[in-house]
Amino acid sequence: MSDADTPEPTARKESGLRQAVDFSGLLAFGLAFLVMRLRGMGGDEALVNATWFLVAGSAVGVAVGLIVEKRLALMPLLVGGFALVFGLLTLLTGDGLWVKVKVTALNASLAVALIGGVLLGKQPLRALLGSVIPINDRAWRTLTLRYGVFFLCVAIVNELVRSEALVGWAAARIGRGDVDPADVWVSFRGVLWMASSAFGLSQIPLIMRNLTSPDKPVDPMAPAEPDTAP
């Protein structure tokens, strides 16, 4: 095998490792919350205690990114940084509100950066990715706008789902007044991971139609990383 043949499998391996670490952190967070709830712990208390796994998973994710890529790529650094800051705020205050707000803060920030960058004639998504996808400028603009709108929608939906008043009202309307808002939000995080992955996969046709260097490695799932982390 020549040197020219090695980058693609290496890039795929690195991308797969990052995604595995992100998913493992989210899975550990969800399982910890579930175990605590089954043992009779209240929803808010379980959410705060499960955040230890979020913080640990985020720290491992940043470390793995540094070791694998030999640098701190901007996107993983943003994701891990937000998770660490809001996770630590949750643990220090004992208030699960912070870990919920993290999803809104991260996605809203990304939405403003991406949509605002396009309006200013920039390519912010290209700068955010750890590895550049070889596509033309028109495709970059389309991809950036799509992700900007997606992140904005995630931020809005998260604000609705994290609202205990709204969740309580909706639960009462369907005769489930005993539903714990914390259970609803943690379940939403699992659904959000699947939605983010599905959205990333749905962008592959756009990427493949607009490749400028077919021989270069393509990481079509890279843009979906912002909210797949715990």
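1. Read along the sequence, the pattern is α-α-α-α-α-α-α-α-α. In this predicted model, the chain has 9 helices and 0 strands.

2. A few words on the chain as a whole. Of its 230 residues, 42% are buried. If you take the contacts between residues at least 6 apart in sequence, 71% of them join residues at least 24 apart.

3. Next, have a look at helix α3 (residues 74–93) and helix α4 (residues 97–119), whose axes come within 9 Å and cross at roughly 155°. Angles over 145 degrees count as roughly antiparallel, and α3 and α4 are therefore roughly antiparallel to each other. The crossing in which α3 passes α4 is right-handed.

4. Which residues of α3 and α4 meet? On the α3 side they are Met75, Leu78, Val79, Phe82, Ala83, Phe86, Leu89, Thr90 and Thr93. Their partners in α4 are Trp98, Val99, Val101, Lys102, Ala105, Leu106, Ser109 and Leu110. Sorted by class, this contact of α3 with α4 has 13 nonpolar, 3 polar and 1 charged residues.

5. Helix α4 also holds alanine 108. With a relative accessible area of 27%, alanine 108 is partly exposed, because that class lies between the limits of 20% for buried and 50% for exposed.

6. Now to the aromatic rings. The structure holds 6 aromatic pairs. In one that I would point out, tyrosine 147 and phenylalanine 151 have ring centres 5.7 Å apart and planes at 45°, so the pair is tilted. Both residues belong to helix α6 (residues 137–162), where, being 4 residues apart, they are separated by about one helical turn.

7. Are tyrosine 147 and phenylalanine 151 buried or exposed? Tyrosine 147 is buried, at a relative accessible area of 1%. Phenylalanine 151 is buried too, with a value of 2%. The cut-off for calling a residue buried is under 20%.

8. Finally, please view that pair together with its neighbours in the aromatic cluster. Tyr147 and Phe151 form one cluster with Phe150 and Phe199.

Conventions:
Residues numbered from 1 in each chain as written. Predicted model: local features only at pLDDT ≥ 70, side-chain atom pairs only at ≥ 80, totals over all residues. Heavy atoms only, no water. Axes fitted to C-alpha atoms, helices over the stretch in contact; angles between N-to-C directions. Helix = DSSP H or I, 4+ residues; strand = E, 2+ residues; numbered from the N terminus. Parallel < 35°, antiparallel > 145°, perpendicular 65-115°, else oblique. Left-handed = near helix turned anticlockwise from the far one by under 90°. Contact = heavy atoms within 4.5 Å. Nonpolar A, V, L, I, M, F, W, Y, C, P; charged D, E, K, R; others polar. Phe/Tyr/Trp six-rings, centres within 6.5 Å; stacked < 30°, edge-to-face > 60°. Buried < 20%, exposed > 50% of the residue type's maximum accessible area, 1.4 Å probe, protein only.
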